[in-house]
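Hi everyone, thanks for coming.

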Amino acid sequence: MTARRFSAAALAAAAIVGAVALPASAADHHARPDRQKVEISAVQYDSPGPEDRSRRSLNKEWVELTNTGRRDVNLDGWTLQNEDGHTYTFDHYRLEGRATVRIHTGEGRDTDSDLYMDRHNYVWDNYSDTATLRNDHDRFIDDASWGHHHGGGRHHGGGHHH
């Protein structure tokens with residue numbers, strides 16, 4: 001009789017602990033509602049070699065995005081924009097977890113790891129510019145700036161101002 005009563009009490013205690021533990025972990029989970037972990041991981045704003053607006057040169061200018069989370073992020077409708085307002089909009093693209101994609105300025109065939117703006121002119125200013133990434137609700141996600149934020153004058157090479 002006592003053994004049975006003890007196990008019932010133990011079960012009840014376990015049920016209470018379980019009930020307390022569940023909302024705690026659920027609350028922890030909701031503290032960060034589906035935070036997209038996509039960031040601008042690198043920018044090559046000064047295309048190496050002669051800046052002759054060739055497709056090859058244009059495609060050596062790029063912005064790299066990395067998904068630091070484990071889950072895929074659907075970038076459909078997200079935008080990448082420079083200070084002048086030139087905007088690239090992602091179209092039906094999913095960035096896999098722990099993956100990186102390069103967005104090249106020039107023309108090319110989009111793949112999982114390389115997307116192309118299909119532009120015939122450089123987008124990113126060599127001397128100072130900011131690349132801003134926004135999601136499909138126009139919410140700020142990340143940006144990367146160079147030039148004027150570091151006192152300038154450190155970047156060399158043929159500059160292109162738009």
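The chain averages a pLDDT of 82, and 69% of the residues score at least 70; pLDDT is the predictor's confidence in each residue, from 0 to 100. This is a predicted model, where local features need pLDDT of at least 70, side-chain atom pairs count only at pLDDT 80 or more, and totals for chains, interfaces and linings use all residues. Residues are numbered from 1 along each chain as its sequence is written, and side-chain values use heavy atoms, with hydrogens and water left out.

Two stretches need care. Over residues 23–33 pLDDT stays under 50, and the model has zero contacts there beyond four places in sequence, a contact being heavy atoms within 4.5 Å. Residues 150–162 also stay under 50, with 29 such contacts. Where pLDDT is low, the predicted coordinates should not be read in detail.

Now the inside. The largest nonpolar core has 23 residues, and Phe90 and Trp124 are among those with the most contacts inside it. Such a core is a set of buried Ala, Val, Leu, Ile, Met, Phe, Trp, Tyr and Cys residues joined through side-chain atoms within 4.5 Å, buried meaning under 20% relative accessible area with a 1.4 Å probe, protein chains only. Elements giving two or more residues to this core include strand 1 (38–44) and strand 10 (140–146); strands are DSSP runs of E, at least two residues, numbered from the N terminus. Phenylalanine 90 touches Leu65, Trp78 and Leu133, among others.

Finally, asparagine 126 sits in the loop between strand 8 (114–116) and strand 9. Is asparagine 126 buried or exposed? Buried, with a relative accessible area of 0%. Its side chain makes a polar contact of 3.2 Å with that of aspartate 46 and one of 3.4 Å with that of glutamate 51. A polar contact is a pair of N or O atoms within 3.5 Å; within protein, one must be able to donate a hydrogen and the other to accept it, and residues adjacent in sequence count only if both atoms are side-chain atoms.

Technical notes. Buried < 20%, exposed > 50% of the residue type's maximum accessible area, 1.4 Å probe, protein only. Helix = DSSP H or I, 4+ residues; strand = E, 2+ residues; numbered from the N terminus.
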